[in-house]
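Here is a friendly set of notes to read with the model open beside you. Take the points one at a time and find each element on screen as you go.

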Protein chains: 2
Amino acid sequence: MAYRETEKMRQRKAMARQKIVDCTYACVSDGGFRSARITRIAALADVATGTIYRHFESREDLFAEVFRLATQREVDKVAEALATEGDVTARLEHALRQFAERAIRGPVMAWSLIAEPVDPKVEEERLKYRRAYAALFEGAIREGIQNQCIPDQDASQSSTCLVGAIAESLVGPLSPAQADGNVSIAAEDKDRLVNSIIRFCMQGLTGARN
Amino acid sequence: MAYRETEKMRQRKAMARQKIVDCTYACVSDGGFRSARITRIAALADVATGTIYRHFESREDLFAEVFRLATQREVDKVAEALATEGDVTARLEHALRQFAERAIRGPVMAWSLIAEPVDPKVEEERLKYRRAYAALFEGAIREGIQNQCIPDQDASQSSTCLVGAIAESLVGPLSPAQADGNVSIAAEDKDRLVNSIIRFCMQGLTGARN
């Protein structure tokens, strides 16, 4: 008789896998990918290190999954912000502002998603997700061009400029949090930082003093 | 009698090391870091693979050195463009244009320097060099603010926006060259691409329609 996985076994396996992912996620939020050692994850998830490798081929695969999970949340937030009613430039500004503010609120995780040197598998995911962000911005820019509230331009190129500008300009401000644990950015610095990024981005798009 | 390295031995060692670096550089220019396998580099440099590890602790160290060498050339070009005479906005525009045009002329190497998923050591170098570019732009932006040809702004933040916008917006256009060998970008597409990046960047900085 062939071995068959029962429904209950499948559920238990899925739950164990989920717990490993959740614990890795917690480690990364707390100290970046570099702090997410397999022994630490195993201890947190209360499993043997070998168990982790029954669920994931490698540490890199586990990291890539956690990266996708965490980044997809941010992509969804941008999509939500862009899907609201009203003026498309206001929605773009809102989406950019939200992205920056969320990053500043969770600076360790944000730094890990945007800039932490990890491994090629995570880098591949980064490239993919940058395209996902750009695709969202591109749609909004096209809409703005059509409605004549954004000057005619190459929407695809401008969308990648937005993604690059906002990501790169957060790397520096988020770095200390990564280096020293959860150092938070002072509220007034935060506002100044976010405003200066938004200004550059919106001016870049519209050519109007912001 | 203690073993002493003679001057001649030192020179031969330095030359052998240089040849390994040059051959790796050639491989990366031709097909990215992923094509720069140690066996291939050894064959090109006409040495045994073990010899490479006498000069470099690891493949990652060799890659990091080639990355630094290639990126420093680009940083120097930006520095030169910014150090010329004349209006600072024109110099900034010239530096950005030159960066983009050089990338398009050597798309495989440019993609490898800007975006190829490699390993954490190369990623560390990427972060450092992005700061080097930003520092150059920041100096020019400060000068422009002082001369009142650029509106007052956080020069440090804007410099990182420039670095992010120009790098990210080149990733997509450079990717096919990486995937399919040295596919070149058509001259008219090249101009349109470069102009659209420059426009976004200069508008972002100045808030004036470009």
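This is a predicted model: local features need pLDDT of at least 70, side-chain atom pairs count only at pLDDT 80 or more; totals for chains, interfaces and linings use all residues.

**Notes on the model**

1. Helix 1 of chain B brings K19(B), I20(B), C23(B), T24(B), C27(B) and D30(B) into contact with R40(B), I41(B), L44(B) and A45(B) of helix 2 of chain B. Sorted by class, this contact between helix 1 and helix 2 of chain B holds six nonpolar, one polar and three charged residues.

2. How do we describe a pair like this? Two packed helices are described by the angle between their axes and by the distance between those axes. Helix 1 of chain B spans residues 7–31 and helix 2 of chain B spans residues 38–45. Their axes come within 9 Å and cross at roughly 120°. Helix 1 and helix 2 of chain B are therefore oblique to each other. The crossing of these two helices of chain B is right-handed.

3. Now step back and look at chain A as a whole. Its secondary structure comes to nine helices and zero strands. Reading from the N terminus, the elements run α-α-α-α-α-α-α-α-α. Along the principal axes, the C-alpha atoms of chain A fill a box of roughly 70 × 45 × 30 Å.

4. Next, find helix 6 of chain A, at residues 107–114, and helix 5 of chain A, at residues 88–105. These two pack at an angle of about 115°, with their axes 5 Å apart. On the helix 5 side of chain A, the contact is made by F99(A), A103(A), I104(A) and R105(A). Helix 6 of chain A contributes P107(A), A110(A) and I114(A). By class, that contact between helix 5 and helix 6 of chain A has six nonpolar, no polar and one charged residues.

5. Helix 6 of chain A also packs with helix 1 of chain A (residues 7–31), at an angle of about 100° and with the axes 6 Å apart. Helix 1 and helix 6 of chain A are therefore roughly perpendicular to each other. Y25(A), V28(A), S29(A), D30(A) and G31(A) of helix 1 of chain A meet V108(A), M109(A) and S112(A) of helix 6 of chain A. The classes in this contact of helix 1 with helix 6 of chain A are four nonpolar, three polar and one charged.

6. What does the UniProt record mark on chain A? An unreviewed entry gives the annotation "domain: HTH tetR-type" for residues 14–74 of chain A. In the model, residues 14–74 of chain A are 80% helix and 0% strand, and their end C-alpha atoms lie 24 Å apart. UniProt, again in an unreviewed entry, places the feature "DNA-binding region" at residues 37–56 of chain A. Residues 37–56 of chain A are 75% helix and 0% strand, with end C-alpha atoms 14 Å apart.

7. Finally, how are the two chains related? Chain B superposes on chain A by a rotation of 180° with 0.0 Å of shift along its axis, at an RMSD of 0.0 Å. The two copies are thus related as by a two-fold rotation axis. Of the interface residues of chain B, 100% are also interface residues in chain A, so the copies meet through the same surface.

Definitions and conventions. Residues are numbered from 1 along each chain as its sequence is written. Chains are lettered from A and ligands numbered from 1 in the order in which they are written. Side-chain values use heavy atoms; hydrogens and water are left out. UniProt positions are given in the numbering used here, feature names are shortened, and annotations may be inferred rather than shown by experiment. Helices (H or I, at least four residues) and strands (E, at least two) are DSSP runs, numbered from the N terminus. Axes are lines fitted to C-alpha atoms, for helices over the stretch in contact, and angles run from 0 to 180 degrees between N-to-C directions. Angles under 35 degrees count as roughly parallel, over 145 as roughly antiparallel, 65 to 115 as roughly perpendicular and the rest as oblique. A crossing is left-handed if the near helix is turned anticlockwise from the far one by less than a right angle, and right-handed if clockwise. Contact means heavy atoms within 4.5 Å. Ala, Val, Leu, Ile, Met, Phe, Trp, Tyr, Cys and Pro count as nonpolar, Asp, Glu, Lys and Arg as charged, and the others, Gly among them, as polar. Copies are superposed by least squares on the C-alpha atoms of residues with pLDDT of at least 70 in both.
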